[in-house]
Structure formats: structure tokens, C-alpha cells
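User: Could you take a close look at one packed part of this model for me, and tell me how far to trust it?

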Amino acid sequence: MTTASASVFEFHPLVESICLNFTPHDLTCCVVVSSAWNTSFSPFLWRRIRLYNEYNYARFNSPLALAAVARLCSLVQIVETNNPRLLDLFDDSYSFLNLSTLRVSQFGLSAGAFVQLVSRCTNLQTLELLSYFDQQEPIVEQFLAILQSRPRLRKLVVLGGLIPTAMVRRLLLSCGNLEKIDIGLYPHLTELPLPTPKALLDEVQELTGSESPSFKVTDLKISCYMELGEPYCSFLQMCPNVTRFAMPVMNISSKKKEPYPSVLKSTMKKLRHLKLYTTASSMEITAGHIIACTNLESYIDPEYMPSSEPVTTALSRHCNTLTVIELRGFRLFWRPTGAVHTLLCTCPSLQRFSAKGTETYEHMEEVNSYWMTSLWISSNLKALEIDFGSRLVETEEPERGERELEYVPEFLVLQLGRMAKLEEISLRRVVAVGKGPVTDMRTMPTEHYETSRKQVSLMLTTLSTLPELRRVEFQGMQGAMDTERVDNAKQHWKHIKIVRYHEKFNDDHDEFYDH
């Protein structure tokens with residue numbers, strides 16, 4: 001019996017697997033169960049060191065804690081901090097052989113200690129820095145040299161800082177082993193003349209060891225504010241495997257007469273995922289990027305405008321391959337257009353569609369009118385995120401001057417009922433300022449208030465019939481939500497989020513129901 005009991009509860013070989021999905025709180029609960037569990041689970045409390053306030057740093061900077069880290073440093077996998085003094089604590093006696101993720105957001109006088117720490121982390125896979133490139137150039141060059149010697153490093157995120165464009169170029173050329181790069185830096189407005197082609201070629205050979213290097217990058221996001229072609233244009237040509245590309249509007253502003261650089265056409269051809277910011281001055285360049293792609297699968301535009309017809313027309317070329325479209329409005333400019341509606345009707349493989357504007361704009365009739373056409377979106381859709389507007393519609397006897405409230409458009413509910421594969425949905429009722437539907441539920445006529453509750457209940461009932469739906473979010477409808485109806489709907493969904501507008505300022509207040 002004793003032997004059998006011991007074999008059943010002997011879980012030490014499985015502790016590492018058990019702890020993979022444990023939170024720090026879970027581990028703390030296990031540690032206090034017994035001395036045996038304390039011995040088994042306490043080492044895993046040091047897998048992640050996260051210090052973001054002075055109180056936690058003071059607790060960590062104690063002989064007992066530092067001795068534990070020195071003893072168990074081989075188990076540390078993640079270090080996150082905004083306190084540069086933490087870097088000074090980790091001297092050469094700490095061997096973080098299994099450290100895979102390092103996130104540092106402040107350096108101060110500890111930039112040298114950071115370089116030494118990175119040099120000792122041979123298993124580093126993810127590195128995220130904020131404002132590191134504000135340091136002196138020799139320190140930065142040391143970091144670039146170490147960056148080239150970390151063969152296992154796969155992801156680099158560098159944000160903040162005002163640096164020369166030449167340093168951005170040198171940073172990119174030092175990332176040959178990486179698969180994902182996210183760089184958001186601010187080059188100096190006054191720059192020296194660009195180096196000659198021979199000098200650029202010498203720099204490439206110096207940092208990569210080849211005149212025509214081939215990098216491993218598959219996901220590239222450059223948020224540096226600089227002119228087209230410097231430096232990402234040439235860098236893209238060195239990345240034959242890149243499939244995801246994101247850049248802000250300033251990256252694609254060009255003073256050249258050529259509407260779309262021919263040097264980029266062959267590079268963009270292999271891209272599958274794009275995230276571009278469209279403005280009136282960059283519209284043609286954005287459309288050129290899209291057209292240059294061969295089989296575009298996803299497109300995200302955080303600043304889409306109604307005048308972006310060239311962009312929408314370019315997207316229609318990929319209607320058979322697009323699976324994700326996300327269009328976000330900038331302030332009051334977003335509203336669905338006929339071109340967007342036509343695009344949706346011709347994308348049979350579309351699985352995720354998002355069209356969000358702002359809480360207040362004056363085109364509610366146009367917003368609703370484009371969603372009225374039947375079968376306006378693929379029945380294969382798995383995720384939907386859109387705005388809609390409430391409105392007052394004329395009755396069958398308009399001469400009496402009576403109007404009925406359409407709080408949730410009937411055509412929208414009918415569309416939702418046919419989306420059998422839908423897994424996530426986010427609906428936002430948009431408020432029109434100064435006219436249209438009443439925003440404060442307390443000032444509504446009684447019949448309108450009852451109508452709004454019935455229409456929202458019908459929408460909840462329709463969504464409850466979708467077999468795959470697991471995550472729902474509602475915004476701007478909290479006043480018409482029936483509490484009992486919401487409680488009944490919880491059993492169908494793993495996550496419910498309800499956001500209500502502030503009565504005066506349209507600020508958002510969240511209510512969460514997670515299962």
C-alpha cells in the first residue's frame with residue numbers, strides 16, 4: 001500500500017510540465033501546501049523576474065533574494081524591469097543560461113551592465129528595449145556587435161530615442177538572425193548627406209560579411225519617421241522570407257516623381273500581410289504596395305478614410321485570397337463606402353472583418369445604408385467587429401409625425417443569424433452628436449425605451465443560436481441590456497464585455513464577465 005501510494009503521488013518528474021501553465025499565484029499556492037511541495041515548486045517562482053516599482057525592487061535587493069537568484073539563475077527564463085539598478089545587481093556571478101526573454105525600458109548609467117548581461121545570455125530569443133539608443137555611440141556599437149553573435153535571438157523590439165538615420169541602418173543590418181523585428185525610432189531631422197553607393201556596400205559587407213546578404217526576417221515592422229527607401233527599401237530586398245510588413249504613414253511619404261518605386265515591386269511581391277497607414281498624400285504609394293503583392297491574405301489600415309478608393313480598388317485584386325480586413329477610422333473621417341461594401345461581397349474566404357470609427361460622427365444614415373444589402377459578407381466569417389447606428393424611422397403614417405426607434409437595425413440581426421461559423425463579435429452602437437437617437441436612456445420616451453430593450457434582447461437571442469460563438473463585446477448598449485437576458489447568455493459564451501458611454505463625455509466604462 002505504501003509503495004503504491006508513493007508511486008501515485010510521486011510527481012517530481014512531472015513538475016516542470018505541470019508548471020508550464022501556472023501563474024505566479026498558482027505557484028505560491030502550491031508552495032505553502034507542504035514542505036515537499038515547497039521543495040518541488042519554489043524554484044519555478046524564479047522563472048520570471050518582473051520589477052516595475054520601487055517597492056518590489058527594495059524587496060528583491062536583499063541578501064536572501066539575491067542568494068536565491070544566484071542559486072537558481074539557471075531556471076530564470078524572463079526578466080522585465082524599468083529599474084536600471086536591477087541590471088547592476090546581475091554581475092558576472094549570475095549565469096542566466098536559460099534566459100529567453102529580456103525586457104528593459106530604462107537604462108540610465110546601466111547601459112554597460114546591460115551589454116554585459118546580454119553577452120552572457122546565450123539562449124536569448126526575445127529582446128525588447130525602450131530608449132536604449134539614447135546612449136553614447138560606443139555603447140550602442142558594442143550592443144550591435146553582440147546582436148550579431150546571438151544565433152538564437154529571434155525577436156527584437158526597439159522603441160523610443162532620437163538617433164541618426166545611419167544608426168537605424170546599422171541596426172537593421174545587424175539583425176541577420178532575427179525572424180521578427182519591430183523598430184520605432186526617431187531619426188534626427190538634420191542629417192548628413194547619404195553615403196556613396198560604395199560606402200553603403202562596404203558597410204553591408206562589414207556588418208554582414210557579404211555584399212548580398214540574405215536575412216531570416218519574416219515579420220518586419222518599421223515605425224521610423226523617414227523618407228521612402230531609406231533604409232527599409234534596401235533592407236527589404238535582403239529579406240527573401242518576409243511575409244508580414246507594417247509601417248506608418250511617414251515611411252511612405254516620398255518626394256520622388258515616381259508614384260511607386262520599381263525597386264520595391266519584386267520585394268513586395270512575396271508579402272502576405274500588410275499594415276499600412278493611409279493619408280491623402282500617401283494613397284497612391286499604399287495602393288502600389290497592395291498591387292505589388294501577389295497573394296495578399298490580410299490588410300490592416302488604422303487610418304482609413306472614405307476617400308481611400310484607390311486602396312479599396314487595389315484590395316479587390318486580392319478578393320480570392322484575403323482572409324482578414326481591418327479598417328479603422330481617424331477621428332470623424334471613417335464611414336463605409338460603396339467600394340468597401342463591394343469588396344466585402346466579393347471575398348469568399350474572408351474570416352475576419354473589422355470596421356471601426358469613433359464614438360461620434362454625423363454619417364449614421366450612410367453607415368446603416370451600406371449594411372442593408374443582403375448577404376453583404378461571407379458566411380465563413382469567424383470574427384466580426386463593426387459599428388452601427390440607432391435611428392428614428394418614419395411610420396406607415398408619416399403625416400401623423402410619428403417615428404419609431406430602430407435601436408438595433410433589423411437587417412443587422414438578420415445578417416448575424418446566418419453567420420454559423422462566427423467565433424468572436426464586437427458591436428458598437430455609434431452615437432450621433434446633436435441629432436439622431438437619444439443618447440441618455442433616461443430621457444427616452446417610454447415606448448422607445450421598451451423598443452430598445454426588445455431589440456437588444458432579440459439580438460442576444462440570435463447570437464445565442466450561433467454554435468461556435470465564444471466571445472462577445474457590446475458597446476453603447478448597456479442602458480438597453482436586460483440583466484436577466486445577459487445572465488442567461490453567459491452560459492453560451494466564455495467572455496462577455498459590456499462597455500457603456502459616459503452620459504456627458506462619451507467616455508467608456510467597462511464591465512467584464514469572464515468564464
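Analyst: **Contacts around one histidine**

Once its neighbours within four places in sequence are set aside, His318 is in contact with Ile290, Cys293, Thr294, Asn295 and Leu296 (contact means heavy atoms within 4.5 Å). This is a predicted model, in which local features need pLDDT of at least 70 and side-chain atom pairs count only at pLDDT 80 or more, while totals for chains, interfaces and linings use all residues. Residues are numbered from 1 along each chain as its sequence is written, and side-chain values use heavy atoms, with hydrogens and water left out.

His318 sits in the loop between helix 15 (309-315) and strand 11 (324-329); helices (H or I, at least four residues) and strands (E, at least two) are DSSP runs, numbered from the N terminus. With a relative accessible area of 4%, His318 is buried (buried is under 20% relative accessible area, exposed over 50%, partly exposed in between, using a 1.4 Å probe and protein chains only). One of the contacts of His318 is Ile290, and Ile290 is also among the buried residues of helix 14. Eight of the ten residues of helix 14 (residues 283-292) are buried, so the rest of the structure largely encloses it. They are Met283, Ile285, Thr286, Ala287, Gly288, His289, Ile290 and Ala292.

**The helices**

Now for helix 10, which is mostly covered, with eight of its nine residues buried.

What does helix 10 pack on? Take helix 9 (residues 137-148): its axis is 9 Å from that of helix 10 (residues 165-173), at an angle of about 20 degrees. Axes are lines fitted to C-alpha atoms, for helices over the stretch in contact, and angles run from 0 to 180 degrees between N-to-C directions. Helix 9 and helix 10 are therefore roughly parallel; angles under 35 degrees count as roughly parallel, over 145 as roughly antiparallel, 65 to 115 as roughly perpendicular and the rest as oblique. Helix 9 passes helix 10 in a left-handed crossing, meaning the near helix is turned anticlockwise from the far one by less than a right angle; clockwise makes it right-handed. Glu137, Val140, Glu141, Leu144 and Leu147 come from helix 9, and Met167, Arg170 and Leu171 from helix 10. By class that gives five nonpolar, no polar and three charged residues. Here Ala, Val, Leu, Ile, Met, Phe, Trp, Tyr, Cys and Pro are nonpolar, Asp, Glu, Lys and Arg charged, and the others, Gly among them, polar.

Helix 10 also packs on helix 11 (residues 197-208), at about 40 degrees with the axes 9 Å apart. This pair is therefore oblique, and helix 10 passes helix 11 in a right-handed crossing. Helix 10 brings Ala166, Arg169, Arg170 and Leu173, while helix 11 brings Leu200, Glu203, Val204, Glu206, Leu207 and Thr208. That contact has five nonpolar, one polar and four charged residues. Arg170 shows up on the helix 9 side and on the helix 11 side.

Helix 9 has another partner in helix 8 (residues 111-120): the axes come within 10 Å and cross at roughly 10 degrees. That makes helix 8 roughly parallel to helix 9. Ala111, Gly112, Phe114, Val115, Val118 and Ser119 of helix 8 meet Ile139, Gln142, Phe143 and Ile146 of helix 9. Seven of those residues are nonpolar, three polar and none charged.

Gln136 belongs to the loop between strand 4 (126-130) and helix 9. At 60% relative accessibility, Gln136 counts as exposed. From Gln136 to Ala111 it's 9.3 Å, C-alpha to C-alpha, across 25 residues of sequence.

The chain has a mean pLDDT of 76, with 75% of its residues at 70 or more; pLDDT is the predictor's confidence in each residue, from 0 to 100. Confidence is highest in strand 3 (residues 101-104), at a mean of 92, and lowest in strand 19 (residues 508-514), at 35. Residues 502-515 stay under 50, though the model has 39 contacts there beyond four places in sequence. Residues 433-442 also stay under 50, with 17 such contacts. Where pLDDT is low, the predicted coordinates should not be read in detail.
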